[in-house]
Amino acid sequence: MMPHNSAMERYHRQIILPEIGIEGQKKLGDSTVFVQAQSVESCALLLFYLAAAGMGTLYCDFAEKQGLASLIRQIGAFNSGVKIQAVQPGCENLPGDTGVGVIQGSLQYVAQPAVDCSGKCIPLILAANRGWQGWLQFIKRPDDLRAILFKRGPQPPRGYNMPDDGTESVFSSNLLGALVAVEVVKILLSLENSAAYGLEFDLSTMRFERYKGSKACPASIAHPCITSGTPGLFPGLITTADTQQLAQSRVAVVGSGGLGSPALYTLAKAGVGTIALVDYDQVDISNLNRQILHSETRLGLPKVDSAEVFLRQLNPAVNLVKHNTCLTEENAREIISTFDLVVDCVDNLKTRYLVNEACALLNKPLVEAGVNGFEGIATTIMAAHSACYQCLFPARPSLDYNSKYGPQGILGPVAGVLGTIQGCEACKCLNKKGNPLLNSILAYDGMEAQFEIFRTEKDPNCPICAKR
Ligand SMILES: [Zn+2]
């Protein structure tokens, strides 16, 4: 018997990656994930990426429920095949077929319900963040979570509410959301190969550490009085003056697709005042496995119009400038010239070189990223004093590169990881905070949950950026 039409369409809308296959995609569609989070706002991106990856059922329990009805509506419009439902607090209310549990919030929040969940014996991901920093721990058999959570780190004072509402927390909670969604896919498909592992990161310094086994949450996340890193190197939090600076800033985002969606989400959420949307494409069903700004209800609309609908809802204060056009040699400089910074989220190499050249000529900082399958890279360029895209990748591929080699399949939340990093890098540059990825390429391997940084150098003979 042929499967029902809507079920066929649902499988069709996912990208079948070699690592996942049709069977894997069906398995995801039959899976149930439980998400317990401190607030709707802090884990919205996680839920969008779980829906994008084609999860069957999402059970949610939020301590702070503001925005819940609206989020459930949005997820339903984004992927009508996913069942999303709020459940009563407490893991005893979970259906028996729940495949993975996710607990996300401040460490205090994460530590508390985790103890209740341990009786359920489902694989668990704990995800805590504070300021620029985040911590993710996967445990296959949650025997004694309290011991893991606090075995090394200091306990926060009782009743203390951790300050977790800074702009920098937008970056760390969004990154955690995308990272957790990648891990959920791997766990459900048995692609992860260790019983327990974890990841710590600091987005201000771009420090990432992946470890095997389990480890306590870093003291700087666990304890409100401890700051991270060496004194003098710690770049500090985003201040009120920085927030005002972001509100006055103008960022052009080229491409509103896989990378553009999380980059735009992060920039609008962080409070960047004016954002240019540059895209010539229309929303197609095949985009929705990764492009979370769009939805089934906006199929056929220009992507810049569809993105506008989403971003206005996310942050009504943001001023959006739409360019429903392809970036070309003729219009690139004119479009970019009135903006402070450019975020390149395109899916083809020709436009990447074009954006790089225009930014070098106009002396604009440029944040670059690319994704493929379970992997991605990101870098930040200030062509006057750092390596540009041409320095990093000097061989210009022929124009038929894409038809020859791709585009390859992309796991949606992997684009979420890199696009969020782009949004974070853009705000760091605008605020002159932290260490951006200048002369550095950050490489993410989602299959290994691993980040690596490669140092690069400016090419003294680069035709684009030398002697600028
Ligand atoms: Zn160069």
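1. Let me start inside helix α13, where R352, L354, V355, N356, E357, A358, C359 and A360 are buried. A residue is called buried when 20 or more other C-beta atoms lie within 10 Å of its own, exposed when there are 12 or fewer, and partly exposed in between, with C-beta atoms placed from the backbone. Helices (H or I, at least four residues) and strands (E, at least two) are DSSP runs, numbered from the N terminus.

2. A word on the source before going further. This is a predicted model, in which local features need pLDDT of at least 70 and side-chain atom pairs count only at pLDDT 80 or more, while totals for chains, interfaces and linings use all residues. Residues are numbered from 1 along each chain as its sequence is written.

3. Here is the overall picture. The protein chain has 468 residues, of which 50% count as buried, and its secondary structure comes to 16 helices and 16 strands. Take the contacts between residues at least 6 apart in sequence: 75% of them join residues at least 24 apart. Contact here means that the C-beta atoms of two residues, placed from the backbone, lie within 7 Å.

4. Back to α13, which covers residues 349–362. Its 14 residues reach 20 Å from the first C-alpha to the last, close to the 20 Å expected at 1.5 Å a residue; the expected span is 1.5 Å times one less than the number of residues. What surrounds the buried part of this helix? The cover includes strands β9 (250–254), β12 (341–344), β13 (366–372) and β14 (375–381), together with helices α12 (332–336) and α14 (389–392).

5. N363 sits in the loop between α13 and β13, and its phi is near 60°, a positive value in a residue other than glycine. With 10 C-beta neighbours inside 10 Å, N363 counts as exposed.

6. S190 is exposed, having 9 other C-beta atoms within 10 Å.

7. Now the sheet that includes β9, β12, β13 and β14. Eight strands make up this open sheet in the order β11-β10-β9-β12-β13-β14-β15-β16, with mixed pairing; two strands pair if DSSP finds at least two bridges between them. β11 (319–323) and β16 (450–455) stand at the edges with a single partner strand each, so one side of each has no neighbour in the sheet. From one strand to the next, the twist averages 15°. β14 and β15 (residues 440–445) run antiparallel and are joined by four bridges, and I377 has A443 in β15 as its bridge partner.

8. Helix α10 (residues 260–270) lies across β9, β10 (274–278) and β12, running at about 165° to β9. Helix α11 (residues 303–314) packs on the sheet too, touching β10 and β11, and its direction makes about 170° with that of β11. For these angles, axes are lines fitted to C-alpha atoms, for helices over the stretch in contact, and values run from 0 to 180 degrees between N-to-C directions.

9. The other sheet for your attention is also open, with eight strands in the order β3-β2-β1-β4-β5-β6-β7-β8 and mixed pairing. Which strands stand at its edges? They are β3 (83–86) and β8; each has a single partner strand, so one side of each is left without a neighbour in the sheet. The twist averages 15° from strand to strand. Helix α3 (residues 40–52) packs on this sheet, where it touches β1 (32–39), β2 (57–64) and β4, its direction making about 160° with that of β1.

10. Both pairing senses can be followed here. β4 (residues 98–105) and β5 (residues 124–130) run parallel, joined by five bridges, and G101 stands opposite L124 in β5. β6 (residues 133–139) runs antiparallel to β7, with seven bridges between them; the partner of G134 in β7 is F201.

11. Lastly, β7 itself (residues 196–202) is mostly covered, with five of its seven residues buried.
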